[in-house]
Amino acid sequence: KCVSVSIGPFGWRASLSEQSLTLPCGHTVANRLCKAAMTEGLADAHDQPTDAHQRLYATWARGGAAVLLTGNIMVDRRYLERAGNVVVQDASGMAQLRAWAQATHDSGSQLWAQISHPGRQCPRLVSWTPLAPSAVQLKVFGNFGKPRATTEADIQDVIQRFANTAALVQEAGLDGVQIHAAHGYLLSQFLSARTNQRQDGWGGTLANQARLLLEVVRAVRARVGPRYPIAVKLNSSDFVKGGFTLDDSVQVVQWLNAEGVDLLEVSGGTYEQLEFFKPQAAVAMRDSTREREAMFLEYAKSIKAVARMPIMVTGGFRTLAGMEAALAGGHTDMVGLARPFCLDPDFPARMFRGQLERLPVPEDRLVLGTGYWGPNSPSNGIRSLNNLCQAGYYYGQIERLGAGQLPLPGVRPLQALLAHLGKDTFRALRRKLFAGV
């Protein structure tokens, strides 16, 4: 395929990433770039959106990506991915949701809600007894309690909560929903034999393990109607022994083909194996390697071969040439980007104007050291600590943008981590003090 398809109004060559995309439901997005979901931690003590969400998303929308996906919007305020998550389980925050959507629309982008349940990946600061398919504890820095296995009543409640949250964000004017079934959250836990050890109708075989995801998709579609976009975020693999595999993913996608899904985001990893935090060298790539730039693209090719819905690959894209090669090769229909938005919020517009070829890649210096202490350390503890430092770094940049400030790239990794831990502790205590949860 030819990458350059037309001449833009100011003389630069319009690229494949600038082309619109019409989804199966009939909804159209203006270009092929999406700000993928990143947890914000900006909700108030009652788990509702704030002015910081409006400032943050207006800033990102001015950058020119067609779609901005929210971070985890939780379906049940008893179980959060972290304190500071927005929760939508009733109409109490409707005015704030509408303002968030309007601020995004006014600045030129669509706002889609990523709706999620953390399952066992719910920190002790929020709940000492999270919910999971089976009572398999996540042992990462002692941060997560032993979960309670879901009952049949719990499972039915989860299904209805996803559907209810989807209907509420639709009412608030958000443009679509993404059901989070990746990264080791609840729906992803049900998909994995490592965390789903049930022998009833919700486990034991891949068909039973996938049943909850399929039931959630059906319930959401029943509530939002046929013309509202529904996306699913799915792991290509968990990258852990005994977990969800690429073969499993391909089969689940074949089942999802029949469920009216409009966009499938391909990602990978869980809290046990954070693939999306692996460092990437900021070096020039040969043309022959550009289309392999994204970390999940090779996996996505297998998924794309069976998927009847458009797919989006997120994770690792850092050059315009890499994005264009992936689109031109038919390996993805949309490009998902996340961390670059934290440091360079307007990069899509500059990229479309031909002013930017490579996105910022600070990951290689966001480590505690090199050799044994670096990102490839044989110690799981050191690798996990580096992952937390990276997470803290980006959380801090999101908070700055939400406050109307410029990014601060030079923050030291350990400093960022300590600031993040302090703020998350404060948010959790504030919830308990002012909201009684």
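Let's start with a network. Arg82, Glu399, Lys423, Asp424 and Arg427 are linked by salt bridges. A salt bridge here is a side-chain nitrogen of Lys or Arg within 4 Å of a carboxyl oxygen of Asp or Glu. Helices (H or I, at least four residues) and strands (E, at least two) are DSSP runs, numbered from the N terminus.

Are Arg82 and Asp424 buried or exposed? Both are buried. Buried means under 20% relative accessible area, exposed means over 50%, and partly exposed is in between, using a 1.4 Å probe and protein chains only.

A word on what we are looking at. This is a predicted model, where local features need pLDDT of at least 70 and side-chain atom pairs count only at pLDDT 80 or more, while totals for chains, interfaces and linings use all residues. Residues are numbered from 1 along each chain as its sequence is written, and side-chain values use heavy atoms, with hydrogens and water left out.

Back to the salt bridges. The count comes to 21. Take Arg431 and Asp47. Their closest N and O atoms are 2.7 Å apart. Arg431 lies in helix α14 (residues 413-434) and Asp47 in the loop between β5 (33-35) and α1 (51-62), so this pair ties together parts that are 384 residues apart in sequence. Arg431 has 3% relative accessibility, so it counts as buried. Asp47 has 0%, so it counts as buried too.

Asp200 forms a salt bridge with Arg198, and the closest N and O atoms are 2.8 Å apart. Why does Asp200 count as partly exposed? Because its relative accessibility is 32%. Arg198 is at 12%, so it counts as buried.

Next, the surface on helix α14. Leu418 is found in that helix. Leu418 is exposed, with a relative accessible area of 54%. Leu414, Leu418 and Leu421 make a nonpolar surface patch of about 280 Å². Patches are made of residues with over 30% relative accessible area and no salt bridge; like charges are joined within 9 Å, and nonpolar side chains (Val, Leu, Ile, Met, Phe, Trp, Tyr) within 5 Å. Accessible areas come from the Shrake-Rupley method with a 1.4 Å probe, and for residues only the protein chains shown count as cover.

Now strand β13, residues 230-235. How many of its residues are buried? The answer is 6 of 6. Both faces are covered. On one side sit Ile230, Val232 and Leu234, and on the other Ala231, Lys233 and Asn235.

What about the neighbours of β13? Strand β12 (residues 176-181) runs parallel to β13, joined by 5 bridges. Strand β14 (residues 263-267) also runs parallel to β13, again with 5 bridges. Two strands pair if DSSP finds at least two bridges between them. Look at Lys233 in β13. His180 stands opposite Lys233, and Lys233 stands opposite Glu265 in β14.

Two more residues. Ile159 is in helix α3 (residues 152-171). At 4% relative accessibility, Ile159 counts as buried. What does Ile159 touch, beyond its neighbours within four places in sequence? Trp202, Leu212, Glu215, Val216 and Ala219. Contact means heavy atoms within 4.5 Å. Ile159 and Leu213 are 54 residues apart in sequence, and 8.7 Å apart in space, C-alpha to C-alpha.

Then Arg120. Its place is in the loop between β9 (110-116) and β10 (131-132). Arg120 is at 4% relative accessibility, so it counts as buried. Its side chain reaches the backbone oxygen of Gln137 at 3.2 Å. Leaving aside neighbours within four places in sequence, Arg120 has contacts including Pro130, Phe144, Gln189 and Glu272.

Last, the whole chain. It has 14 helices and 16 strands. Of its 437 residues, 61% count as buried. Among contacts with a separation of 6 or more, 69% come from residues 24 or more positions apart. The accessible surface comes to about 16,600 Å², and 53% of that belongs to carbon and sulfur atoms.

How values were computed: A polar contact is a pair of N or O atoms within 3.5 Å; within protein, one must be able to donate a hydrogen and the other to accept it, and residues adjacent in sequence count only if both atoms are side-chain atoms.
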